[in-house]
Amino acid sequence: MIEAQNVSKIYGSFVALDRVSFSVPRGEVVGFLGQNGAGKTTTLRILACYMPPTEGSVRIAERDTVRDSDAVRRMIGYLPERVPLYDDLRVLEYLDFRARLKGLRGAEAKQAVATVLDRLALTARKSSLIGSLSKGLRQRVGIADALVHRPSLLILDEPTSGLDPDQRMELRKLIKELGALHTVMVSTHILPEAEAICDRIIVIHRGRIRAASRLEDLRRGVGQTSIVHGGQPLAHYGESSAAASVEPGGDTTRVLIPDAAATPRVVERLVREGRPVYSVQSEVPSLEQMFAAITTRSEDVA
């Protein structure tokens with residue numbers, strides 16, 4: 001669905017994106033993860049044809065986002081981080097206006113608006129002024145706008161930003177449901193959220209792609225090991241990847257190693273220093289642990 005090849009975005013001397021390449025298959029919910037300032041929003045704006053890349057190319061459904069931008073825009077529903085809604089319009093008026101801007105007319109526009117009102121549970125609020133809505137309902141109006149023309153690709157930039165826990169849970173459920181009908185690319189820095197809804201993960205750090213794969217493949221590539229040994233905690237294990245948290249407990253200490261490849265070196269040192277090793281166990285890392293390992297490795301490479 002999306003093919004980005006060597007995409008760079010440069011502002012003067014600042015490189016916001018540095019030769020970014022990734023692909024997104026059709027029919028998946030993809031999490032686009034990164035810290036604030038990593039390049040997430042810049043990438044999404046290029047995908048949504050809001051700006052061209054300085055270098056490189058992006059193709060969506062085999063159409064170039066620069067040369068065929070009109071055709072690409074018709075295939076995309078885009079929810080920016082700050083949803084630009086008109087507070088003095090009613091929900092129905094706003095969605096009808098947006099449908100007509102996107103080329104829908106007459107009965108087709110009316111049916112499309114009715115459909116998104118129903119899908120987003122907004123029918124009961126269709127006569128409400130947008131300015132009177134809660135943050136969560138405003139996000140739903142923004143997503144309804146993005147969906148009204150039935151796009152193939154839905155791009156959501158920090159869709160749960162500013163929502164309370166209940167609103168975030170509702171929106172996560174909605175995004176998961178939308179993934180059954182659309183290809184969805186969702187940018188977020190809330191990692192448990194991405195873990196709950198995404199099939200595939202792309203990690204961007206300092207303007208470069210650091211990982212891109214299905215979540216289960218990423219877990220296999222970023223292993224974690226738990227070692228329980230006797231004696232007091234070691235102050236340092238001599239491996240940056242093994243400088244993990246230590247949990248004292250009675251006469252034993254538990255060490256979590258984010259990089260499973262470092263396990264033999266840590267065990268060897270423990271044995272050499274006379275600390276008996278009672279257990280070595282592989283564990284399934286959380287997305288937060290994987291993200292930390294990936295970005296730490298990229299810092300070491302940089």
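Thr115 sits in helix α4, where helices (H or I, at least four residues) and strands (E, at least two) are DSSP runs, numbered from the N terminus. The structure is a predicted model, so local features need pLDDT of at least 70, side-chain atom pairs count only at pLDDT 80 or more, and totals for chains, interfaces and linings use all residues. Residues are numbered from 1 along each chain as its sequence is written, and side-chain values use heavy atoms, with hydrogens and water left out. Thr115 comes out as partly exposed, at a relative accessible area of 35%. Here buried means under 20% relative accessible area, exposed over 50%, and partly exposed in between (1.4 Å probe, protein chains only). A polar atom of the Thr115 side chain lies 2.9 Å from the backbone oxygen of Gln111. That is a polar contact, meaning a pair of N or O atoms within 3.5 Å; within protein, one must be able to donate a hydrogen and the other to accept it, and residues adjacent in sequence count only if both atoms are side-chain atoms. Thr115 and Ala144 are 29 residues apart along the chain, and their C-alpha atoms are separated by 9.2 Å.

Stepping back to the whole chain, there are 10 helices and 14 strands. Of its 302 residues, 47% count as buried. Take the contacts (heavy atoms within 4.5 Å): among those between residues at least 6 apart in sequence, 70% join residues at least 24 apart.

Next comes helix α6, which covers residues 165–178. The expected span of a helix is 1.5 Å times one less than its number of residues. The buried residues of α6 are Gln167, Leu171, Leu174, Ile175 and Leu178. Looking down the axis of α6, these buried residues fall within an arc of 100°, so they line one face of the helix; the arc is that of the directions from the helix axis to the C-beta atoms. On the other side of α6, Pro165, Asp166, Met169 and Lys173 are exposed. The buried residues of α6 pack against several elements, including β3 (29–33), α4 (106–119) and α5 (135–147). At the start of α6, a side-chain oxygen of Asp164 comes to within 3.1 Å of the backbone nitrogen of Asp166.

Now for strand β9 (residues 200–205): 6 of its 6 residues are buried, so β9 is largely enclosed by the rest of the structure. In a regular strand, side chains alternate between the two faces of the sheet. Both faces of β9 are covered, with Arg200, Ile202 and Ile204 buried on one side and Ile201, Val203 and His205 buried on the other. Two strands pair if DSSP finds at least two bridges between them. β9 runs parallel to β3, joined by 4 bridges, and Arg200 is the bridge partner of Val30. With strand β10 (residues 208–214), β9 runs antiparallel, and 6 bridges join the two. In that pairing, Ile201 stands opposite Ser213. The hairpin of β9 and β10 has 2 residues between the strands, and Arg206 takes a positive phi near 55° there.

Positive phi values turn up elsewhere too. Arg19, in strand β2 (residues 14–24), has a phi near 55°, a positive value in a residue other than glycine, and is exposed at 52% relative accessibility. Ala121, in the loop between α4 and α5, also has a positive phi, near 55°, and is exposed, with a relative accessible area of 56%.

Last up are the aromatic rings. Rings of Phe, Tyr and Trp (its six-membered ring) pair if their centres lie within 6.5 Å; planes under 30 degrees apart count as stacked, over 60 as edge-to-face and the rest as tilted. By this rule there are 4 aromatic pairs. The rings of Tyr50 and Tyr78 have centres 4.9 Å apart and planes at 70°, so the pair is edge-to-face. Tyr50 lies in the loop between α1 (40–47) and β4 (55–60) and Tyr78 in strand β6 (residues 76–79), so the pair ties together parts that are 28 residues apart in sequence. Tyr50 is exposed, at 56% relative accessibility, whereas Tyr78 is buried, at 14%. For Tyr86 and Phe97, the ring centres are 6.1 Å apart and the planes at 55°, so this pair is tilted. Ring pairs link Tyr86, Tyr94 and Phe97 into a cluster.
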